[in-house]
Amino acid sequence: MSKTYRSDVDGLRALAVTAVVFYHAGLPWLAGGFVGVDVFYVISGFLITGLIHPDIAAQKFSFARFYARRTKRILPALFLILLVTCGLACLLLGPAELTSFARSAVAATFGLSNVYYYSSSNYFTEAAAYQPLLMTWSLGVEEQFYLVYPLLLMLLARLSRPRQLLALTAITLISLGLSIWSTQTHPTAAFYLLPSRAWELGIGCLLALSWDEMQVLMQRRYLADGLGVAGALMVLAAIACFGGTTDFPGWAALLTVTGTAFLVATPSGLVNRLLLSSRPAVFVGLLSYSWYLWHWPLMSFARIASSRPLGPAVPSLLALLALAAAYASWRWVERPFRASRSADAVVLVRNAGIGAGVAAIAAVFALTQGLPARFSARERAEASSATALASDPCLVLVGEIYAPDGPAVVRQ
């Protein structure tokens, strides 16, 4: 497939991130906005395959070059967010919550957020709103995929192209079957872990590998227009109709994934030409990664700092503030690091050093049990007292469920 830039793919990113952000803001008509992550997965599988498959086929693939490009794309903005959230956590969280936050920050630094939250937090519970780094779970899935997928393609490169497609199709179907089964039996694992999510990236991979044949079909304008419209309607239907009670991913995710694949496959289609390639959509798409990173911590810390549940108004305003922060992050962090011409080894060592520094800061929080010296002896005693927690209706740990009509709550 071609490595040519696709403005409509950035527009598709804009749709995905807008759905996720305003779903997190609590807008009721975007109850299924969490499916925006699935849109990102299909796009990632498609783009990564287009990036590395030609090099593997030509025996020019370099792991150092690939991972240097990935780290330049992902890590600078992520490290910035981790440092900012560490500062906010010191200001707003008590010792127990800061300790928990520190563990999540270490997991995020090493691409293991999805594993951490699988063991500690259900995405659809009220308590999840008080996890400032919860949004990094999806990055963990992608980063783990990047570790495995190049090796898989290198193994498949020994096969003929039809057999490569057949093998990758079989792996994708196995992952889909696992997703359907585990959504019913182990729903938290199905939601967070790579084996039950890999098929979503796999659909994008298969689309990239069969790109030339697909575009022969798409020369029929009516087919490209029809598939594009159908794909858009499928994604929008999932955003509008799904919710926290939907069994997900499993069968339900097929709606979003298939719709996204239709849109990616139809660059000449009506929806892609008129809507996804429009300047506003492309602009938001360029900011999508930073916006995704910024929006959730701002909303989460606002909920932590508030004495009562927030309606959609404040989080929606914070979503716009996060968009402004995303522009700054994209302009002065993402773009400069991505444009860096440093040697691949230098890029990898530099990011490893920064990551180690971020992890060290979080480790200090964890090893000191949440920096209790920030508080007076009385405050430390109250925060650690199980008796006070059990008996005082005004004292509750961050993330605990509390009655919205009850007394004012002081989160420790």
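I searched the whole structure for disulfides, taken as pairs of cysteine sulfur atoms within 2.5 Å, and found zero. Cysteine 90 is in no disulfide, and the nearest cysteine sulfur, that of cysteine 86, is 7.0 Å away. I note that this is a predicted model, in which local features need pLDDT of at least 70 and side-chain atom pairs count only at pLDDT 80 or more, while totals for chains, interfaces and linings use all residues. Residues are numbered from 1 along each chain as its sequence is written, and side-chain values use heavy atoms, with hydrogens and water left out.

For burial I used relative accessible area with a 1.4 Å probe and protein chains only, where buried means under 20%, exposed over 50%, and partly exposed in between. Cysteine 90 comes out as partly exposed at 24%, whereas cysteine 205 is buried at 1%.

I then turned to salt bridges, defined as a side-chain nitrogen of Lys or Arg within 4 Å of a carboxyl oxygen of Asp or Glu, and the search of the whole structure gave eight. One of them joins the side chains of arginine 6 and aspartate 8 at 2.7 Å, N to O; arginine 6 is buried at 14%, and aspartate 8 is buried at 4%. Arginine 161 forms another with glutamate 213, the closest N and O atoms being 3.0 Å apart. Because arginine 161 lies in helix α7 (residues 161–185) and glutamate 213 in helix α10 (residues 211–217), the pair ties together parts that are 52 residues apart in sequence; helices here are DSSP runs of H or I with at least four residues, numbered from the N terminus.

Which residues are linked with Arg197 in a network of salt bridges? I found Asp38 and Glu200 there, with the glutamate 200 to arginine 197 pair at 3.1 Å, N to O. Arginine 197 sits in the loop between α8 (187–192) and α9 (198–209), is buried at 1%, and has contacts (heavy atoms within 4.5 Å) beyond four places in sequence that include Tyr41, Trp137 and Phe248.

Technical notes: Helix = DSSP H or I, 4+ residues; strand = E, 2+ residues; numbered from the N terminus.
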